[in-house]
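Subject: Handing over a structure

Dear colleague,

I am passing the structure below on to you, and my notes on it follow. Please read them with the structure open beside you.

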Amino acid sequence: GTTPVDIHGKPILSKTGGWIAALFIFGNEMAERMAYFGLSVNMVAFMFYIMHRPFTSSSNAVNNFLGISQVSSVLGGFLADAYLGRYWTIAIFTTIYLAGLTGITLCATMNIFMPDQGQCDQLSLLLGNCEPAKSWQMLYLNTVLYVTGFGAAGIRPCVSSFGADQFDERGENYKSHLDRFFNFFYLSVTIGAIVAFTLVVYIQMKHGWGSAFGSLAIAMGMSNMLFFIGTPLYRHRLPGGSPLTRVAQVLVAAFQKRKASFSSSELIGLYEVPGKRSAIKGSGKIAHTDDFRCLDKAALQLKEDGVDPSPWRLCTVTQVEEVKILIKLVPIPACTIMLNLILTEYLTLSVQQAYTLNTHLGHLKLPVTSMPVFPCLSIFLILSLYYSVFVPIFRRITGHPRGASQLQRVGIGLAFSILSVAWAAIFERYRRKYAIEHGYEFSFLTPMPNLSAYWLLIQYCLIGIAEVFCIVGLLEFLYEEAPDAMKSIGSAYAALAGGIGCFAASILNSIVKSVTGNPDKRQQSWLSQNINTGRFEYFYWLLTVLSAINFCAFLYSARRYKYR
């Protein structure tokens, strides 16, 4: 039932798949990530400087966009596994993505979509005296922004799974190919991010916002063409029907038979279809396990069920095991929500820090919005050296043939994320003290010439290492452990964790501001717009404590988990 087919659903006769097919898929992911990070780093500034929205509300709006684009990935994964297949889901949603990027480009190009810029200098902007965007202008911007996010929702859960589908699981080196694929896949993600943080920022500074957003649309259009050119080379998996229906059938059948006994005289046994093939299209049979015994009642075949029972009363063992697997997977991606929260906070908080620091590197002045390129460069370096340096070192420590298991890699990543935010707190305390002592307390957009922004590289590099180990390990873990007919939904778990992390960042920011700030008493919150009067270091220490608690929860979940 897991035999790959061509685009017409027929058995594959010619040589397809492999690394050549994967290269076309890498190109699509590279452009999607370039657009995603290009919007995440530039949209806050665009809303602040051009649409004249407060920095806080601009930041939260972008965080919500990032969150929705990731949380809605569950929808994309569902459509791929149930009806469309991964290829057609990617094809449809990349087109929607391109339409959204085109709409954003028009917003940044045509004056009708922007408020008047004539009477707005930097002082007026800081005081909030610039003409704000009209409600219909913000409605248009938010609409095209969320259309873009909806497009990303169908791409993100499918691209990594579709790429992994190109390798023959019966092949001799399948595990090795899969391990390298996910590393190279994340390398393509990183290259897209590097381009967004450097070339796109450069285009914005030299040619304006319209050209910057337009370059993202052009890159997306070119990647779509590349993806479609590779169509004859792709291997496909047949969609297995609605996974939500199968999950619902198991829950309903288990509830109906909740009073049935495993030792009943009416019991025939646990139901499974005869033969080698599973009843679920695109899935092999899954052996019975003793976890979640209450769900096994959905597969209890009783004499009263008759010859042709309803699937809402009697399910196969494979169908029940699918639901068990989905439940057992949840704690691991849930423990990565905290890392995604930190990554979201870094996109805005570290940029605010960089505005107060000297970004000169010799005679070269790096734009503040390009600072997030450094964790990407560290990721690029680590992935490039992974097999030659990290794998041999970890192999000696762990004894694992690939250096570290998937869950060990996730744990290493979470540990490095704790070090990153702890260092961020230490440096922010020093930076704020320096600013006050040297008379910069109320000049939060004026760089201090004798304090280099490159101290931020330490926290950036640490979070880059965390991202490599945690996210790559998680993607490989979810693909290998997810049921055959639910691979896209398994991958969507990672995107869902990322989306919840974005929303959690906005919620945490709002809570901290309301608890620590008091406008009536003129008490600034920790996350004051003026970073020099706020207490960002306290916020970083809060993230450190939360990350440590989360790491303990991960260790507990990982020790209990049994690989399939």
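A residue is called buried here under 20% relative accessible area, exposed over 50% and partly exposed in between, with a 1.4 Å probe and protein chains only. This is a predicted model, in which local features need pLDDT of at least 70 and side-chain atom pairs count only at pLDDT 80 or more, while totals for chains, interfaces and linings use all residues. Residues are numbered from 1 along each chain as its sequence is written, and side-chain values use heavy atoms, with hydrogens and water left out.

Asp165 counts as buried because its relative accessibility is 2%, and this residue lies in the loop between helix H5 (135-164) and helix H6 (174-207) (helices are DSSP runs of H or I, at least four residues, numbered from the N terminus). Leaving aside neighbours within four places in sequence, Asp165 is in contact, meaning heavy atoms within 4.5 Å, with Arg86, Arg235, Arg237 and Tyr479. The side chains of Asp165 and Tyr479 are also joined by a polar contact of 2.7 Å, a term for a pair of N or O atoms within 3.5 Å where, within protein, one must be able to donate a hydrogen and the other to accept it, and where residues adjacent in sequence count only if both atoms are side-chain atoms.

As for the wider layout, the domain assignment, which is automatic or from a database, gives domain 1 (1-239), domain 2 (243-321) and domain 3 (329-563). The centres of domain 1 and domain 2, taken over C-alpha atoms, are 40 Å apart.

How values were computed. Helix = DSSP H or I, 4+ residues; strand = E, 2+ residues; numbered from the N terminus.
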